[in-house]
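I opened my notebook to set down what I looked up in this structure, entry by entry, for someone who has not seen it before.

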Amino acid sequence: MADNRSSEGFGRRLDEHAIDAGAAEPERPDGLVDSGVYVGGVRLASPVSLADTYRCLQQLDDAMAWIGLRRPGREQIASLAAEFQLPDLAVEDAINAHQRPKLERYGDTLFVVLRAARYLDERDAVEFAELHLFLGPGFVITVRHGGTPDLAGVRRRLEAEPEVLALGPEAVLYAVLDRVVDGYAPVVAGLENDIDEIETGVFGGDPNASRRIYELSREVIQFQRAARPLLKVVDALAHGFDRYGTDEELRRRLRDVADHLTQVVERVDGFRHLLQNILTVNATLVSQAQNEEMRSLTAASFEQNEEIKRVSAWAAILFAPTLIGTVYGMNFTHMPELDWRFGYLFAVALMLAVCAALYLLFKRRGWL
């Protein structure tokens, strides 16, 4: 059969298309990023369309197609579903996205949902992207709903290990899992750095610390929702080792992925508890600062009240002689005291007596 193959039937031969080994193949308008047909782990053809891929599979014995798509339309998904008999429920999930990481088996077809993550240094934020995989006898379909992860590197690495790629679709799945989990490491490092900065800000009195803690807590929770369910996916794959006759090399690689994933999940769980403690400490520090301000305001108010008391007391003391002087200064004709020899002395003595009485009263009450 190999002698009757034609280059037209296979699309572009691997040796006929020049792709930079360090760059991802450009995405085409139909959502097809890359399509390769492999026999024995060796890439024999790179079809330029889904139809060419189908023809290659029909003309080659024991071939496997690896089709990479990014944000495909319903037409492309429907074409793949019809060709490879993909389950309707899984197809609908792949179109709508917004799924949590999971693994579902539909007969010979395996449907896997992964959530990749990437830390954006320029924004100090975490970006998430959804990745769907369909695996079955002789095919692997990857559907990305974001810019991460870059599966071109995964494809190049596997193509450099044809003995591993020859193990079939499971080899691709485990390599993609490894790439997704490896992508979590920079995110963990970025979140850890953000937490360190928040701790510094909390003890430095940063007024925006509470808002940043809340934002970072949301990112950590989203990261947990991406990584923690993946443990169940890896565990389900491990439980199928004996049933599906998984090669020992793939088992070893999956165990390595599981170890790294467990470390990531434990670190992220620790981040969440740490952020809760930081939030509690921040609330305590803010409360202490508010209490200090209240004490300062109370002390200032007390001092102000004392000053008002003093001013009011002296005002009352000075008001008494003024009142008496005003009464005797009205100059009415019929005022008996005006013709009294001791009237002046009496008025002065009365002023002094009233002022002394008021002074003693205010002094006893602590106003003076």
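**Entry 1, the model.** I note before anything else that this is a predicted model, and I read the values that follow with that in mind.

I looked up how helix 3, residues 74–84, packs on helix 4, residues 88–96, and found an angle of about 155° with the axes 11 Å apart. Since angles over 145 degrees count as roughly antiparallel, helix 3 is therefore roughly antiparallel to helix 4. Helix 3 passes helix 4 in a right-handed crossing. On the side of helix 3 the contact is made by R74, I77 and A81, and on the side of helix 4 by V91, E92, I95 and N96. Sorted by class, I count in this contact of helix 3 with helix 4 four nonpolar, one polar and two charged residues.

I turned next to helix 7 and to helix 10, which covers residues 248–328, and their axes come within 9 Å and cross at roughly 20°. Because an angle under 35 degrees counts as roughly parallel, I wrote down helix 7 and helix 10 as roughly parallel to each other. The crossing of helix 7 past helix 10 is left-handed. The residues in the contact of helix 7 with helix 10 divide into 23 nonpolar, two polar and seven charged.

Helix 10 passes helix 11 in a right-handed crossing. Among the residues making the contact are W314, I317 and Y328 of helix 10, together with F346, M351 and F362 of helix 11. By class, I find in the contact of helix 10 with helix 11 17 nonpolar residues, one polar residue and no charged residues.

Which residues lie nearest the centre of the second largest pocket? I found R105, D108, P169, E170 and Y244 there, out of 15 residues that line the second largest pocket. Its volume is about 340 Å³. At least two lining residues each come from strand 6 (109–120), strand 7 (125–136) and helix 7 (169–203). I sorted the lining of the second largest pocket by class and have six nonpolar, five polar and four charged residues.

Technical notes
Residues numbered from 1 in each chain as written. Predicted model: local features only at pLDDT ≥ 70, side-chain atom pairs only at ≥ 80, totals over all residues. Heavy atoms only, no water. 1 Å grid on protein atoms, 1.4 Å probe; cavity = no way out; pocket = protein on both sides within 12 Å on 5 of 7 lines; lining within 4 Å. Points joined across faces, edges and corners; volume = space filled by probe spheres on them. Helix = DSSP H or I, 4+ residues; strand = E, 2+ residues; numbered from the N terminus. Nonpolar A, V, L, I, M, F, W, Y, C, P; charged D, E, K, R; others polar. Axes fitted to C-alpha atoms, helices over the stretch in contact; angles between N-to-C directions. Parallel < 35°, antiparallel > 145°, perpendicular 65-115°, else oblique. Left-handed = near helix turned anticlockwise from the far one by under 90°. Contact = heavy atoms within 4.5 Å.
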